[in-house]
Amino acid sequence: MKQQVVINHRTCTVFQSSEQAQVLLVQPVDGHDLEELDAELDWISSNANVPFRFIAVHVDRWFDELAPWPAPPVFGKTPFGNGAAKTLESLGQIVNEELVKMTSQDGAKVQVILGGYSLAGLFALWAGYQAGQPFEAVVAASPSVWYKDWLDYAAAHAPQAKAFYLSLGDREERSRTPILTTIGTAIRRQQQLLDEAHVANILEWNPGNHFQDNGVRTAKGFVWAMNTIHNS
């Protein structure tokens, strides 16, 4: 059963598949993600082999709270901010609070996975490169790897998470916005960097454009990540 709660001063939607969850899934979401949440949770529940707890953290200022550094506007007139570090700190506090509740049940170690779609997917990727972050795996579904200077950053830093899931729609390169047409080349380069770092990863292609089935696409990433770290 889903319920809306406040954790560390943030509104969250929480779902737990059983009383003895072994994995904590965390996802920053906006209104569109919330519309897709039922489909996403149904897909995870139907395909996961591990009991899980899922926390969707509501993000109000999408272009500011998830951006790792400032960048010019791409959509309309709204520029990107640099709130990712503060958001990651907040998510870390949420994770710590939840792990206290979860590990108190049977003392077993709970594995933590961060996932996101679009700019939240880029945020998840960026978080996976940060030292001391609490996430063992990262799900970056249709991530904004076209973001200004992202690939330079990824090439200059070592991944810290143990596993990375990447995905993209096979029509996402067909955009009228020039920078978005680079997404296919950028996602392949991102996977190459992970391969060179000898980090477990996969790049999965989905049919359709960027705005198709984002809930199920993200769910597929969470299930892959759960299976990968649980079996490692």
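Predicted model: local features only at pLDDT ≥ 70, side-chain atom pairs only at ≥ 80, totals over all residues.
**Pockets**

The largest pocket has 25 lining residues, and those nearest its centre are Phe75, Ser118, Leu180, His210 and Phe211. Helix H1 (31-35) and helix H3 (62-65) each contribute at least two residues to this lining.

The lining of the second largest pocket consists of His9, Arg10, Thr11, His58, Asp60, Arg61, Asp64, Glu65, Gly83, Lys86 and Thr87. Two or more of these residues come from each of strand S2 (10-16), H3 and helix H4 (84-106).

| Pocket | Volume | Nonpolar residues | Polar residues | Charged residues |
|---|---|---|---|---|
| Largest pocket | about 540 Å³ | eleven nonpolar | nine polar | five charged |

**Strand S3**

Strand S3 covers residues 23-29, and seven of its seven residues are buried. On one side of S3 lie Val23, Leu25, Gln27 and Val29, and on the other lie Leu24, Val26 and Pro28; both faces are covered.

S3 has two pairing partners described here. With strand S4 (residues 52-58), S3 pairs in the parallel sense over seven bridges, and Val26 stands opposite Ile55 in S4. With strand S5 (residues 111-117), S3 also runs parallel, joined by four bridges; here Leu24 stands opposite Val112 in S5. Both Val26 and Leu24 belong to the face of S3 that also holds Pro28.

Notes. Residues numbered from 1 in each chain as written. Heavy atoms only, no water. 1 Å grid on protein atoms, 1.4 Å probe; cavity = no way out; pocket = protein on both sides within 12 Å on 5 of 7 lines; lining within 4 Å. Points joined across faces, edges and corners; volume = space filled by probe spheres on them. Nonpolar A, V, L, I, M, F, W, Y, C, P; charged D, E, K, R; others polar. Buried < 20%, exposed > 50% of the residue type's maximum accessible area, 1.4 Å probe, protein only. Pairing = 2+ DSSP bridges.
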